[in-house]
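Here's a quick tour for anyone meeting this structure for the first time. Have a look at the model, then read on.

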Amino acid sequence: MLAYIALALLSCSLVSASDWRPFTKANVVEISDIKNNVHSVRMPCNGGWFKLYYNTGHFEIFANNKGNLFCKNAGKKNWYGGERYDFSFAKQHCVNGFVQFDVVKTSKDFSVYVSGNRIYKKDFGSYSGDCLQSINRITSHVYDSRALTF
């Protein structure tokens, strides 16, 4: 699975070809020294299963319509020492063979957008553990052999 990532964007509509970092199951991408908490991931229209590991937890998309956010040290800490928040969404519109997920994380919430429409939002509070912190590292992980981009 080939995937791409774009980071430190003020507007995800400004992504140029040089902003994308390809990744696959065999070619892991790690990005550190992140200037802000905005990034995008492209997944091929035929689907895929990827996870982006952060210093604060992870974000995962699988089965073309499901995902989760994991926050280290959050909630009851009953899932790998933190809390996992599952979500589902309607099948998304493909553009040029890809679905692009735009991720915006603040100290107050974590949101995922596709084509300008928010498909998921998690508000943070005192129970949110490490998700209250800034993302300063992203590491890609692919679980199947279809292409991805972030």
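## The largest pocket

Strand β9 gives the largest share of the lining of the largest pocket, four residues. Strands here are DSSP runs of E with at least two residues, helices are runs of H or I with at least four, and both are numbered from the N terminus. A pocket is an open set of points on a 1 Å grid over the protein atoms alone, with protein on both sides within 12 Å along at least five of seven lines; a cavity is a set where a 1.4 Å probe fits but cannot get out, and lining residues have an atom within 4 Å of a point.

This is a predicted model, so to speak plainly about limits: local features need pLDDT of at least 70 and side-chain atom pairs count only at pLDDT 80 or more, while totals for chains, interfaces and linings use all residues. Residues are numbered from 1 along each chain as its sequence is written, and side-chain values use heavy atoms, with hydrogens and water left out.

The largest pocket has a volume of about 200 Å³. Of the 12 residues lining it, V95, F98, V99, Q100 and S115 are the closest to its centre. A volume is the space filled by probe spheres set on the grid points, which are joined across faces, edges and corners. By class, the pocket lining splits into six nonpolar, four polar and two charged residues. Ala, Val, Leu, Ile, Met, Phe, Trp, Tyr, Cys and Pro count as nonpolar, Asp, Glu, Lys and Arg as charged, and the others, Gly among them, as polar.

## The chain and one buried serine

Zoom out, and the chain has 13 strands and zero helices.

S40 sits in strand β4. With a relative accessible area of 0%, S40 is buried. Its side chain joins that of D102 in a polar contact of 2.6 Å, meaning a pair of N or O atoms within 3.5 Å; within protein, one must be able to donate a hydrogen and the other to accept it, and residues adjacent in sequence count only if both atoms are side-chain atoms.

Note on methods
Buried < 20%, exposed > 50% of the residue type's maximum accessible area, 1.4 Å probe, protein only.
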